[in-house]
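Have the model open alongside as you read.

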Amino acid sequence: MRAQLLDAPRPTDLVEVVRRLTLLQIDPTAAVAPSADLVLWSRLGSSYQPAQLKQALEDHRSLFELDALIRPMGDLGLYLAGAADRPVYERSRAWVRDNDRFRKDILKVLKGSGPVSSREIPDTAAVPWASSGWTNNRNVTQMLEFMITRGEVAISARVGRERLWDLPERVYPNDFAVPSVEDAERIKNERRLASLGIARAKTRAMPMEPTDVGEAGEPAVVERVKGEWRVDPSALGEDFEGRTALLSPFDRLVHDRVRTQELFDFEYTLEMYKPAAKRRWGYFALPILHGDRLVGKVDATADRKAGVLRVNTIHEEVKFTRAMAKGVQAELEDLASWLGLEL
């Protein structure tokens, strides 16, 4: 809870929160609010406003976006280490090589006209990108995705959900350091462990960002849980004061569902992709944290047309105490107020 800034008292600085968490996941689903905003509200409370995140990304440049994740600018070098060797798969490498003129055309457009959306960049690809998925023949978007991982372009801003692309020297600082790939991996593992508090050395593959930390920290055992974990000894032994929090389904505390089950005995599945009749908890159910336990889920929807935060069901994983019920009610009232809705 302390590592994820979900203890009391709340933090107060947005950029420091992102630095401690290492990332915010961008997801367009806004049944309640976009996930990045929900994660920040869960930590900062209703003093946080989404315009502050946009300002940090686009004006102050204290944060940056890469691979649908928002990170602190101080970590930029960690994610551009080894950039010259990307993309990693030979099929992708061959496509980039075959379209080198196309790549240079994009850089020329950005130099003269950036920042621009992908729709404003002419498709001059010599070889179309072939895919069985939604990226089939989306040559401009695919090339930009490869180029950003190589440090050749950067996301300057967003207009709604649309990204605006520019040259990295107009977005990134001039003096950031890029470590070796080995050092970058070690530092990322150490940063990830500090943000998670406790993690496995190796886990199954995860979308977006892994939850394993290699040899960072020290080995540890969790009672009644099989296998070895890794912890940062400096994080142990501190006082803990808990609070109640409503979490995004993409919150790092619960993002790894296996880890959540092992550590908290808490089952969770994001059910927005299931037919309504097969949902147990709701389209975008918010996990409920109380103290150091995950105790339930809130099935809520922001009905912006009606001006109401609709709470369809509160699922109690354990019988709520008076303190739990009071804490959940207070968080729902704060969430509604933050959204500018009635409860």
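The largest nonpolar core has 54 residues, and those with the most contacts inside it are L14, L38, L40, L53, L253, F284 and L335. A nonpolar core here is a set of buried Ala, Val, Leu, Ile, Met, Phe, Trp, Tyr and Cys residues joined through side-chain atoms within 4.5 Å, and buried means under 20% relative accessible area, with exposed over 50% and partly exposed in between (1.4 Å probe, protein chains only). At least two residues of this core come from each of α1, α2, α3, β9 (244-246), β10 (286-290), β11 (293-303) and α10 (322-339). There's also a second, separate core of 30 residues, and F146, M147, A154 and I155 are among its members. As background, nonpolar side chains in soluble globular proteins tend to be buried together.

Some housekeeping: this is a predicted model, where local features need pLDDT of at least 70 and side-chain atom pairs count only at pLDDT 80 or more, while totals for chains, interfaces and linings use all residues. Residues are numbered from 1 along each chain as its sequence is written, and side-chain values use heavy atoms, with hydrogens and water left out.

Now the overall picture. The protein's secondary structure comes to ten helices and twelve strands; helices (H or I, at least four residues) and strands (E, at least two) are DSSP runs numbered from the N terminus. Of the 343 residues, 48% count as buried. A compact globule with 343 residues would have a radius of gyration near 20 Å, and the protein has 22 Å, which agrees. That radius is taken over C-alpha atoms, and the globule rule is 2.2 Å times the number of residues to the power 0.38. Along the principal axes, the C-alpha atoms fill a box of roughly 65 × 50 × 40 Å. Among contacts (heavy atoms within 4.5 Å) with a separation of 6 or more, 60% are between residues 24 or more positions apart.

At the N-terminal end, D13 caps α1, with a side-chain oxygen 3.3 Å from the backbone nitrogen of V15. Just after the helix, T22 takes a positive phi of about 75°.

| Residue | Where | In contact with |
|---|---|---|
| R86 | loop between α4 (76-80) and α5 (90-98) | Y79, L80, A81, T149 and R150 |
| S92 | helix α5 | P87, W129 and F146 |
| L110 | helix α6 (residues 100-113) | V116, I121, V153, W165, D166, L167 and R170 |

The side chain of R86 reaches the backbone oxygen of Y79 at 2.9 Å. That's a polar contact: a pair of N or O atoms within 3.5 Å where, within protein, one must be able to donate a hydrogen and the other to accept it, and residues adjacent in sequence count only if both atoms are side-chain atoms. R86 and R150 are 64 residues apart along the chain, yet their C-alpha atoms are separated by 6.0 Å. S92 counts as buried at 8% relative accessibility, and L110 is buried with a relative accessible area of 0%. L110 and L167, 57 residues apart in sequence, sit 6.2 Å apart, C-alpha to C-alpha.

Finally, the strands. Five bridges join β4 (residues 154-159) to β5 (residues 162-166), which run antiparallel; strands pair if DSSP finds at least two bridges between them. V159 has E162 in β5 as its bridge partner. Two residues lie between the strands of this hairpin, where G160 takes a positive phi near 65°.

An open sheet of three strands has the order β6-β8-β7, with antiparallel pairing. β6 (198-199) and β7 (218-220) stand at the edges, each with a single partner strand, so one side of each is left without a neighbour in the sheet. Three bridges join β7 to β8 (residues 229-231), and P219 has R230 in β8 as its bridge partner.
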